[in-house]
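Biologist: I have a structure open and would like to learn how to read it. Could you walk me through a few features?

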Amino acid sequence: MRPQIQGRGAKVLLVEDERIVALDLKMSLEDMGYVVTGMGASEDEAVRMAIDHQPDMVLMDINLGAGGDGINAAQRIMTDLDIPVVYLTAYDTQETIDRANAVAPYGYLIKPVEMGDLHATIQVATARHRDQAMRQRLEQRLRLALDAAQMGVFEFHRHSDAITLDGHLPEHLGDLPRGFSMPREDFMSRFTAEDRTQFTALWQSGGVAHSVVRWSGWDEQPLWLEVHACHFESEQRVVGVFRDVTESVESANRLRQAAVVFESAAEAIAILDPEGAVISVNPAFQALTGWLGSEVVGRNADAFLHQRRAGDRSNSLTQGAQHGEVLCQRKDNTQFPAWEHTADVRDESGQVTHRVLSFSDISALRQAEVRIRHLAFHDPLTGMGNRHYLETLLIDWQAQFEAEGRGFGALFIDLDGFKVINDTLGHDQGDALLQILATRLGACLRADDFVARLGGDEFVVLARTTESDTLGALAAKLLSICRSPVTLDKGATVQVSASIGIATLPQHALTWGHLLKAADSAMYAAKVDGRDRIRFFSEDLAQQAMAQLSLEQGLRLALGSQQLRLHYQPVVDMRSGRLTGVEALLRWHSPDMGAVSPDRFIPVAEDTGLIVPIGAWVIDQALTQMARWRADGLPIPRMAVNVSVRQLREPGFAGELAERLLAHGLPAGCLEVEITESALHHVEHCQQRLADIQALGVQVALDDFGTGFSALSSLRDLPLNRLKVDKSFVRELGHNVRDAAILHAVVELGRSLNLGLTAEGVERPDQRSTLLAMGVTECQGWLYAKAMPPAELAAWAAQQHDPSALPLSLQT
């Protein structure tokens with residue numbers, strides 16, 4: 001800006017192409033006290049002299065003849081040099097005036113001019129220029145202030161549909177020119193309804209708005225604007241300033257959120273200074289450590305929080321992000337493991353201003369890990385080591401043997417009779433029995449012995465010795481413990497035994513895996529030999545165990561591969577030889593082992609539980625054959641089938657019998673189920689189970705009677721139809737007085753209980769005569785016929801009467 005004109009003494013530049021006029025004006029101006037700095041006669045000269053002399057005022061002739069156009073010179077001088085120009089011309093046409101006004105001159109005088117008018121015009125022009133210079137300076141300061149404060153200005157008139165934006169505009173609005181205008185409705189629609197109400201209130205007399213409002217930018221991204229606006233009623237317009245405070249608002253929101261997190265977090269949090277002194281702590285910190293905020297502010301967190309031992313580093317809260325497990329100490333000096341995290345807070349220059357320490361108590365996690373580790377190596381029922389623990393220990397002991405030559409022994413224990421108790425009294429009582437026996441077994445071991453439960457009713461004891469006498473004595477002690485009666489929590493007293501197999505490393509095996517197999521084989525041999533005994537491993541035992549295992553595996557395959565067959569032995573009336581029934585007897589012909597005796601495979605089927613599906617198959621096959629014989633014209637009066645203890649224990653056994661009879665279209669009276677005396681002792685609610693069977697119309701026979709120890713009082717109450725006298729009493733008839741006496745008693749018992757009698761194993765005529773003399777009329781045995789396949793039985797039955805009675809399929 002040019003310096004302000006201070007009255008007289010102002011410098012004036014004359015631009016006039018007529019020399020005489022110029023000199024005259026120069027003299028007049030100087031007489032009025034002005035300083036004429038020069039006189040130019042052309043456009044270019046005027047501009048040059050203005051630059052050189054820097055006058056306060058230029059008097060410009062418009063028509064400079066050959067020297068150019070005064071209006072062009074005026075525009076250059078006013079625009080580039082900010083020097084006011086007053087036209088002094090002889091032209092007053094409207095065209096000339098319009099051209100002159102486009103430059104916004106400070107005056108327009110028509111020659112000739114009175115000196116008083118000229119003086120007044122110069123004075124007014126200088127005053128106007130002075131005011132404009134002041135306004136420009138104020139505007140520059142205002143723009144500087146707006147830019148420094150990053151504030152924009154908006155303005156709109158009551159009767160205008162446009163709003164003008166100026167100053168510092170938000171970056172989201174793009175690069176807009178100063179004085180940008182937009183429709184007022186568009187501008188207002190970008191506010192929320194509540195904020196629009198505030199702007200509407202501005203039109204009221206003295207309306208003022210000061211608030212932070214939400215405004216949507218061009219990309220619909222919301223902005224937060226701090227607005228200060230006022231209604232100037234005299235001008236009928238609203239003017240306001242605003243600035244983008246989006247970052248501040250969002251930062252404040254984040255701070256509020258962080259404050260909520262800080263106060264409500266379950267993790268303990270402490271804000272520290274760069275040296276580790278506490279500035280503030282959250283409630284979780286106080287709850288977890290017992291320290292109040294007022295007690296720890298200003299104290300070094302590492303000094304009072306972390307438990308250290310001699311030699312530990314003095315400050316674990318070094319700068320930088322860290323995390324890991326530490327041992328913390330509460331105010332009461334109790335300790336707890338914690339997972340701790342530290343992070344630095346840095347300013348814009350990267351300097352650490354604060355540190356954030358957070359940690360949580362992981363005591364429960366560590367306890368859970370200990371519990372999980374315990375469960376991984378221990379049996380949950382008994383608390384003993386489990387198979388995993390046993391294998392881990394065996395690996396260690398084998399490594400010690402390989403390094404030091406120190407052998408050891410393994411005792412494989414399998415409880416005898418546990419399954420019956422478990423099935424009869426329930427799994428809870430079975431578990432209770434295992435827990436008591438496990439406690440007893442553990443209590444009798446030496447300090448360096450070990451016992452593990454493999455699962456079910458199997459245990460393994462490891463002993464740091466290979467001496468047979470020592471291992472035998474230990475096994476005998478364990479066997480005695482297993483035999484001891486156990487009273488369960490429901491008052492029942494039960495008793496089991498055990499089969500124990502012993503093997504040693506390196507005598508019987510060179511690896512722990514083979515050692516367990518050897519001890520298992522010895523245990524299996526003990527079980528085969530009659531149970532409740534001890535066996536040391538030997539190669540012979542291993543072969544026997546393998547043979548027994550082959551038998552078991554073969555039996556599993558036999559049922560599904562049609563290796564099982566039924567033979568039928570006639571039951572006859574010894575007085576007439578008439579066929580009164582047949583007994584279905586199971587036979588197994590293995591492709592590998594040939595004919596396998598029932599005495600070998602039936603006990604295996606009982607032990608493994610295969611007897612249940614095999615027994616169901618026997619009943620179905622026997623009834624199928626019965627129905628086929630009847631269809632062929634051979635009415636067999638009675639079909640007897642043997643039923644095992646396991647079958648009878650099944651809750652739905654009677655219902656299954658009814659279904660099979662119905663499926664084959666047979667009357668219930670043609671079927672007789674035979675049970676052994678052992679079933680009376682091993683089946684809970686035996687009387688009711690037999691009553692359910694008898695209620696169908698099926699007959700019930702007690703097989704091998706006399707070989708067990710049934711109480712006569714219980715026999716009296718059982719729902720029975722027949723007693724089958726065991727062949728061991730029949731075999732010595734005529735040679736053994738005692739057998740004859742027992743048999744006579746059995747006959748009298750059966751007669752008194754109104755039960756039918758059938759003698760088994762009748763092979764000689766003298767046995768037949770003696771039995772008839774005692775009143776026994778029905779028998780089965782080789783004296784009449786052995787067990788036969790179905791076709792042979794049908795042929796035999798027909799030949800007992802008339803060959804023509806043979807079924808057509810058997811007549812050849």
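**Reading sheets, a helix and a cavity**

Modeller: Let's start with an open sheet of 5 strands, in the order β13-β12-β16-β15-β14, with antiparallel pairing. Strands are DSSP runs of E with at least two residues, helices are runs of H or I with at least four, and both are numbered from the N terminus; two strands pair if DSSP finds at least two bridges between them. This is a predicted model, where local features need pLDDT of at least 70, side-chain atom pairs count only at pLDDT 80 or more, and totals for chains, interfaces and linings use all residues. Residues are numbered from 1 along each chain as its sequence is written, and side-chain values use heavy atoms, leaving out hydrogens and water.

Biologist: Which strands stand at the edges of this sheet?

Modeller: Strands of a sheet pair through backbone hydrogen bonds, either parallel or antiparallel. Here β13 (278–281) and β14 (322–329) are the edge strands, each with a single partner, so one side of each has no neighbour in the sheet. Inside the order, β12 (residues 268–272) pairs with β16 (residues 352–361) over 5 bridges in the antiparallel sense, and I271 stands opposite V356 in β16.

Biologist: How many residues join β6 to β7 in their hairpin?

Modeller: The hairpin runs through 4 residues. β6 (residues 151–157) and β7 (residues 162–167) are antiparallel, with 4 bridges, and F154 faces L165 across them. β7 also pairs with β8 (residues 180–183), again antiparallel over 4 bridges, where L165 stands opposite F180.

Biologist: Which residues of helix α24 are buried?

Modeller: An α-helix has 3.6 residues a turn, so residues three or four places apart point the same way. In α24 (residues 686–695), C686, R689, L690 and I693 are buried, meaning under 20% relative accessible area with a 1.4 Å probe, protein chains only. Seen down the axis, they fall within an arc of 95°, so they line one face of α24; the arc is that of the directions from the helix axis to the C-beta atoms. Just after α24, G697 has a positive phi of about 105°.

Biologist: And which element gives the most to the lining of the second largest cavity?

Modeller: A cavity is a set of points on a 1 Å grid over the protein atoms alone where a 1.4 Å probe fits but cannot get out, and lining residues have an atom within 4 Å of a point. For the second largest cavity, β25 gives the most, with 3 residues. Its lining residues include V571, E583, R638 and Q780.

Terms used
1 Å grid on protein atoms, 1.4 Å probe; cavity = no way out; pocket = protein on both sides within 12 Å on 5 of 7 lines; lining within 4 Å. Buried < 20%, exposed > 50% of the residue type's maximum accessible area, 1.4 Å probe, protein only.
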